[in-house]
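Here are my notes for you on this one.

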Amino acid sequence: MAFEQWLVGSENDDAVFARLVTSLRIHGYALGPEWTAVAGSQDISHWEVSNAFGTLVVESDTYTGLMVSGSAGLIEQLRNEFEVTSPSSHSTGSVAPKPCTPNRQSC
């Protein structure tokens with residue numbers, strides 16, 4: 001199983017984050033362990049999401065952006081869904097919303 005990292009976009013782009021959450025929900029991902037940290041000017045949020053086919057790690061980092069890591073096959077499916085998901089299709093489901101961090105103005 002090949003490992004892949006996908007840079008989804010800026011960690012501050014709420015529309016990109018909403019599209020990612022929608023895509024995760026469509027594929028049945030549920031939120032697992034999560035944590036957030038602040039180190040100086042760097043904010044880091046980490047989520048593990050799982051469905052019947054495996055687990056992905058979603059990270060939001062001041063310096064690297066919004067990143068998804070995991071099996072290349074799962075990333076490919078998620079990326080394909082993300083590309084066709086409109087920002088307005090955001091709905092409630094099993095993946096938690098992005099937590100507030102000190103740099104986010106819209107909490």
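Predicted model: local features only at pLDDT ≥ 70, side-chain atom pairs only at ≥ 80, totals over all residues.

1. Residues are numbered from 1 along each chain as its sequence is written, and side-chain values use heavy atoms, with hydrogens and water left out.

2. Start with the layout. The chain has two helices and five strands, and from the N terminus the order is β-α-β-β-β-β-α. Helices (H or I, at least four residues) and strands (E, at least two) are DSSP runs, numbered from the N terminus. Of the chain's 107 residues, 39% are buried (under 20% relative accessible area, with a 1.4 Å probe and protein chains only). Take the contacts (heavy atoms within 4.5 Å) with a separation of 6 or more: 56% of them join residues 24 or more positions apart.

3. Now look inside. Nonpolar side chains tend to be buried together in soluble globular proteins. Here the largest nonpolar core has 18 residues, and W6, V8, L20, L24, L56, V58 and V68 touch the most other members. Such a core is a set of buried Ala, Val, Leu, Ile, Met, Phe, Trp, Tyr and Cys residues joined through side-chain atoms within 4.5 Å. At least two residues each come from β1 (3-9), α1 (14-26), β3 (42-51), β4 (54-61), β5 (65-71) and α2 (72-84); the largest share, five residues, is from α1.

4. Which residues does V8 touch, leaving aside those up to four places away in sequence? They are V16, L20, L66, V68 and F82.

5. How do the helices meet? The axes of α1 and α2 come within 9 Å and cross at roughly 125 degrees (axes are lines fitted to C-alpha atoms over the stretch in contact, and angles run from 0 to 180 degrees between N-to-C directions). On the α1 side, V16, R19, L20, S23, L24 and I26 make the contact, and on the α2 side L78, E81, F82 and E83.

6. Finally, find N51 in strand β3. Is N51 buried or exposed? N51 counts as buried because its relative accessibility is 16%. A polar atom of the N51 side chain lies 3.0 Å from the backbone oxygen of H27. Not counting residues up to four places away in sequence, N51 touches H27, G28 and Y29.

Definitions and conventions
Buried < 20%, exposed > 50% of the residue type's maximum accessible area, 1.4 Å probe, protein only. Polar contact = N/O pair within 3.5 Å; in protein donor to acceptor, adjacent residues only side chain to side chain.
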